[in-house]
Amino acid sequence: MKQHGQKVQQVGAWRLNLVRIMFVLMVAGLCWRLADIQVLNPEFLRHQGDARHLRQVPIVAHRGMIMDRHGEPLAISTPVHSVWLNPQDVLASDPRIPQLAQLLGLSVQKIKNKIEENQSREFVYLKRRITPELSAKVKALGIQGVALQREYKRYYPAGEVASHIVGFTNIDDIGQEGLELTYDAVLTGRPGLKRMVRDSRGNYVEGGELIRPAKSGENVQLSIDLRLQYLTYQALKKTVAEHQAKSGTAVILDTRTGEVLAMANQPSYNPNNRAGLKPSDLRNRAVTDLFEPGSTVKPFTVVSGIKSGEFDQSTIINTHPGYYRVSGHPIKDFRDYGEIDLTTL
């Protein structure tokens, strides 16, 4: 009986020692792992933390202005906000989603679809370029994973008066027509880059580290005089309406320098509101359409004749029979004027 008790005590001691050894090994393993993370390889946890909370956020560059000859703005960019979400952070069941949908004029189902169908992405636009008042209401909801991004919206103070000259940009601020398209590379700035920290709700903390500053686009100043442009546009619009013409064009040039002071077309469009815009309305007819010079070239012909010394005001020219063939093609006048002098209109 005594021997049996000794054997039980020996087995119990052996098990206890085994537990102690295992415990010591576990503590040693934890200490080694702690030393490895904190001393030998401290960048691991820092990298993991940065991967979850640090983001490189682009800084939108300001697009350059388009101005008339006196510095009056024809195209400017105003700061706005766009609403976006991170589908991995937003819960489709969040009770504030219906409020967000109502503010943005979207259906609740559309927002839920964006969340559920883009789980592999971290950035999805909800609404582009909303008013400051609306952006403040969206921010006040405090929905996790829903944030605002600063952007710029193009505005055209002259509206339809200078639309064919200036043109317009698309929602991404890329030139589509007119000088906005022609000088897009000049007007477009270079976006900057900023390293930002995100909190546990997915929102960016104020501040951040500037990696690369944004560079604004260059301004473009035209020879157009906005005052003459407005008067020319109004006169052309009135004339086209009075004569029920299909279209009309008017251009004012500085005869000393050849600069274009005004250029207007009808029909026109409002670049600030392009709803219902027809492709034909975009045509800058003063530049793209071809017209026979007609009577507008007569003064140059008469001046050249007088300058040659072979013609004067009383010189008689026979215009019969009212047309003239050039390379086999008949160039017709309005009617047969017969014999006329240089003063005949």
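Between which helix and which strand does the loop that holds Q244 lie? Select Q244: the residue sits in the loop between α9 (226–242) and β11 (248–253). Helices (H or I, at least four residues) and strands (E, at least two) are DSSP runs, numbered from the N terminus.

The model on display is predicted: local features need pLDDT of at least 70, side-chain atom pairs count only at pLDDT 80 or more, and totals for chains, interfaces and linings use all residues. Residues are numbered from 1 along each chain as its sequence is written, and side-chain values use heavy atoms, with hydrogens and water left out.

**Positive phi**

Remain at Q244, a residue other than glycine, whose phi is positive, near 50°. Q244 is exposed, with a relative accessible area of 72%. Exposed means over 50% relative accessible area, buried under 20%, and partly exposed in between (1.4 Å probe, protein chains only).

Next, select D173, in the loop between β6 (168–169) and β7 (175–177). D173 is also a residue other than glycine, and its phi is positive, near 65°. Is D173 buried or exposed? Its relative accessible area is 13%, so D173 is buried.

**Cis peptide bonds**

Now select Q266 and P267, which are joined by a cis peptide bond with omega near 0°. P267 belongs to the loop between β12 (260–266) and α10 (285–288).

Finally, move to H320 and P321. Their peptide bond is cis, with omega about 10°. Where is P321 placed? P321 is found in the loop between β13 (316–318) and β14 (323–326).
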